[in-house]
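Please look through the structure shown here, and then follow the report below, which begins with a pair of helices and moves on to other parts of the protein.

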Amino acid sequence: MTATDQIAGPGASQAAATTAEPMIRLEELTKSYRGQKKPAVDRVTMDMPRGEIIVLVGPSGCGKTTTMELINRLIEPTSGRIHLDGEDVTTADPDTLRRRIGYVIQQIGLFPHFTVGENIATVPKLLGWDKARIGNRVDELLDLVGLDPAVFAKRYPKELSGGQRQRIGVARALAADPPVMLMDEPFGAIDPITRERLQNEFLRLQQQVKKTIVFVTHDIDEAIKLGDRIAILGEQSRIAQYDTPANILSNPASTYVEDFIGSGASLKRLNLSLVGDVALDTGAATARIDGTAAEARDTLESSGRSALLLLDGQGRPQRWVDARDLDRADGDLRRAGEPVSALVDTGATLSYALNEMLTSNAGVALVVDGSGAFQGLLDFETVMVTTRSIQRDSSDFYRAAKAVTD
Ligand SMILES: Nc1ncnc2c1ncn2[C@@H]1O[C@H](COP(=O)(O)OP(=O)(O)OP(=O)(O)O)[C@@H](O)[C@H]1O
């Protein structure tokens, strides 16, 4: 077996079939840097379907950034072709091409002496939009990335947190509404909690904007969570496997891919489902924390549950109480029982929810919406059932694919 076979393996090119014209098609794309013995990117061929998030994941130096820079022609290919939306753009004018492709990089590259608004307006200004249209677009994009235009438009980049800067980077790349976005490790330098939040926001945003997004990361968990399709790359951007996350986890094409996924494929599968996608237990007993203990006791008794969840005026979970806590409550529920733990947003992954349940020692996670209002409970049983069904669906896909090819 050659090294290439080891990387590629028998199922390397097997991807879930799509018939529509891809948004991006790379054909035998190659880049040799001057003075380097081997090409940095060697004959890469791949189709990237419209409206999907395609994640390129691979070890440091395997050519991910080079591949991205070839797509928007920041660097010129040595050979091979690039097609965008059915058109061969290998020799098209790079400036015009780049207006169709938003680019977000790890160090964001915001202009420090421009305000947030001016940063976002860069491309619309180049395109000659009038002032009113640019102003409206800046406000619309700040709203879209969850930042209040009245607060943020006039600030300078140094007056923002890392997460806020990252959101501005995304807003700027979206400014001229390009059909394609390239994102090179956009969440790489951000702490894990902010990173989880930005990933959730990013998925929500993509549901609205439905761009074709090429996303580079080192992190297989991030790839599994965000990708509709993942390309696991070996040296020189050789494709070791290009497929859906579920299929890669269930059927790694080679030992290289197995090693890359690492241990715990079942646990990683939990990155595939969002809390908001599974059936929650919506029958929890709840009462207002500013109500009386007697009302709470009635609700608890008639629910048949052993504990009751106290919510504030906006429906946000505050405390858990049982019958004994209510007997001892002495009229005021604000100090009764235990404060809640394991709060998770509907946009979080099951993996994150499970981690919260384990670390807070809670038997269930409390699921809340974007404004913190209670939506339902998520228990271990639901998490396990969901993991099993993802595995089953993926095995069914492979059995069906094999039946067709046999
Ligand atoms: N301008 C350049 N001149 C010469 N060689 C380069 C140049 N840019 C990158 N390379 C080399 O090409 C290879 C691929 O680099 P690239 O930056 O695309 O990898 P990567 O997968 O994005 O890495 P990382 O994950 O560390 O960012 C590396 O061996 C790198 O040293």
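Helix H8 (residues 162-174) and helix H9 (residues 192-209) pack with their axes 11 Å apart and at an angle of about 20°, where axes are lines fitted to C-alpha atoms, for helices over the stretch in contact, and angles run from 0 to 180 degrees between N-to-C directions. Because of that angle H8 is roughly parallel to H9, a label for angles under 35 degrees, while those over 145 count as roughly antiparallel, 65 to 115 as roughly perpendicular and the rest as oblique. Helices (H or I, at least four residues) and strands (E, at least two) are DSSP runs, numbered from the N terminus.

This is a predicted model, in which local features need pLDDT of at least 70 and side-chain atom pairs count only at pLDDT 80 or more, whereas totals for chains, interfaces and linings use all residues. Residues are numbered from 1 along each chain as its sequence is written.

| Helix | Residues in the contact |
|---|---|
| H8 (residues 162-174) | Gly162, Gly163, Gln166 and Leu174 |
| H9 (residues 192-209) | Thr194, Leu198 and Val209 |

The residues of this contact of H8 with H9 comprise three nonpolar, four polar and no charged, where Ala, Val, Leu, Ile, Met, Phe, Trp, Tyr, Cys and Pro count as nonpolar, Asp, Glu, Lys and Arg as charged, and the others, Gly among them, as polar.

Elsewhere, valine 383 lies in helix H17 (residues 380-405). Is valine 383 buried or partly exposed? Valine 383 counts as partly exposed because it has 19 C-beta neighbours inside 10 Å; a residue is buried if 20 or more other C-beta atoms lie within 10 Å of its own, exposed if 12 or fewer, and partly exposed in between, with C-beta atoms placed from the backbone. Leaving aside neighbours within four places in sequence, valine 383 is in contact with Leu270, Leu350, Ala353, Leu354 and Leu378. Helix H16 (residues 350-359) has among its buried residues Leu350, Ala353 and Leu354, and just after H16, asparagine 361 takes a positive phi of about 60°.

Taken as a whole, the protein has 17 helices and 17 strands, and buried residues make up 40% of its 406 residues. Its C-alpha atoms fill a box of roughly 80 × 60 × 35 Å, taken along the principal axes.

Conventions
Contact = placed C-beta atoms within 7 Å.
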